[in-house]
Amino acid sequence: QKGLYNSENFFVTPEGGGAGNNWASGYRQGGENEELLFDMLDREADNSESLEGFVLCHSIAGGTGSGMGSFLLEKLNERFPKKLIQTYSVFPNQQEVSDVVVQPYNSLLALKRLTLNADCVVVLDNNALNRIAADRLQLETPTFSQVNSLVSTVMAASTSTLRYPGYMSNDLVGLL
């Protein structure tokens, strides 16, 4: 849908192509682009009436989600120490052999940052997401878009009390 997101808040590296499935590359790119990334975050934080925290959506198997995600978690925690950080982290499928040889290392390095910097981690098992899409939604070969739709449903359901008026869990602290 057009106009749903502020186009000034999209970040794409000039090189493009992500971090090449390498945690260190993603982490390095985060450092190289820290000023640009935090200009966007600071602008949104400054325009917020009542900033309670941040939500990070990422995969921990590849390089960008694990590496740059780790970098962002650390820096958010440093710059906004009193704000909550919640993540929706997609964990890799352990049932199949991955074409990403360094996936276990990416995951381990990202997990370390999640335990140190996130207040709440919602674990999304990639295998379970695909199984739900196949079994419950009867999708023979689920696309990324369809699996992402499942993730967005989990996110919407788990944060609905924040978006609708009521006496229960109407702030992020109450939800966590």
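This is a predicted model: local features need pLDDT of at least 70, side-chain atom pairs count only at pLDDT 80 or more; totals for chains, interfaces and linings use all residues.
Figure 1. Residues are numbered from 1 along each chain as its sequence is written, and side-chain values use heavy atoms, with hydrogens and water left out. A nonpolar core is a set of buried Ala, Val, Leu, Ile, Met, Phe, Trp, Tyr and Cys residues joined through side-chain atoms within 4.5 Å. Buried means under 20% relative accessible area, exposed over 50%, and partly exposed in between (1.4 Å probe, protein chains only). The largest nonpolar core has 17 residues, of which Leu37, Leu73 and Leu76 touch the most other members. At least two residues of this core come from each of helix H2 (34-46), strand S1 (53-59), H3, strand S2 (84-91) and H4. Another core, of nine residues, lies apart from it and includes Tyr88, Leu129, Ala133 and Val151. In soluble globular proteins, nonpolar side chains tend to be buried together.

**Figure 2. The elements of the protein chain.** The protein chain has seven helices and three strands. Helices (H or I, at least four residues) and strands (E, at least two) are DSSP runs, numbered from the N terminus. Along the sequence the pattern is α-α-β-α-β-α-β-α-α-α. The protein chain has 176 residues, and 36% of them are buried. Among its contacts with a separation of 6 or more, 75% join residues 24 or more positions apart.

**Figure 3. Helix H3 against helix H4.** Two packed helices are described by the angle between their axes and the distance between the axes. Axes are lines fitted to C-alpha atoms, for helices over the stretch in contact, and angles run from 0 to 180 degrees between N-to-C directions. Helix H3 (residues 63-79) packs on helix H4 (residues 103-117) at an angle of about 20°, with the axes 9 Å apart. H3 is therefore roughly parallel to H4. Angles under 35 degrees count as roughly parallel, over 145 as roughly antiparallel, 65 to 115 as roughly perpendicular and the rest as oblique. The crossing of H3 and H4 is left-handed; that is the term if the near helix is turned anticlockwise from the far one by less than a right angle, and right-handed if clockwise. From H3, the residues Gly63, Ser66, Ser70, Leu73, Glu74 and Asn77 meet Asn106, Leu109, Ala110, Arg113, Leu114, Leu116 and Asn117 of H4. This contact of H3 with H4 consists of five nonpolar, six polar and two charged residues. Ala, Val, Leu, Ile, Met, Phe, Trp, Tyr, Cys and Pro count as nonpolar, Asp, Glu, Lys and Arg as charged, and the others, Gly among them, as polar.

Figure 4. Helix H1 (residues 23-32) and H3 pack at about 45°, and their axes are 7 Å apart. At that angle, H1 is oblique to H3. Their crossing is right-handed. H1 contributes Trp23, Gly26, Tyr27, Gln29, Gly30 and Gly31, and H3 contributes Gly63, Ser66, Gly67, Met68, Ser70, Phe71 and Glu74. The contact of H1 with H3 has four nonpolar, eight polar and one charged residues. Ser66, in helix H3, counts as buried because its relative accessibility is 0%. Not counting residues up to four places away in sequence, Ser66 touches Trp23, Ser59, Ile60, Asn106 and Ala110. Ser66 and Tyr27 are 39 residues apart along the chain, and their C-alpha atoms are separated by 8.0 Å.

**Figure 5. Helix H2 against helix H3.** The axes of H2 and H3 cross at roughly 55° and come within 12 Å. H2 is therefore oblique to H3. H2 passes H3 in a right-handed crossing. Glu34, Leu37, Phe38, Leu41 and Asp42 of H2 make the contact with Met68, Phe71, Leu72, Lys75, Leu76 and Arg79 of H3. By class, this contact of H2 with H3 has seven nonpolar, no polar and four charged residues.

**Figure 6. Gln138 in a loop.** Gln138 lies between H5 and helix H6 (144-163), in the loop. Its phi is positive, about 50°, although Gln138 is not a glycine. Gln138 counts as exposed because its relative accessibility is 64%.

Notes: Contact means heavy atoms within 4.5 Å.
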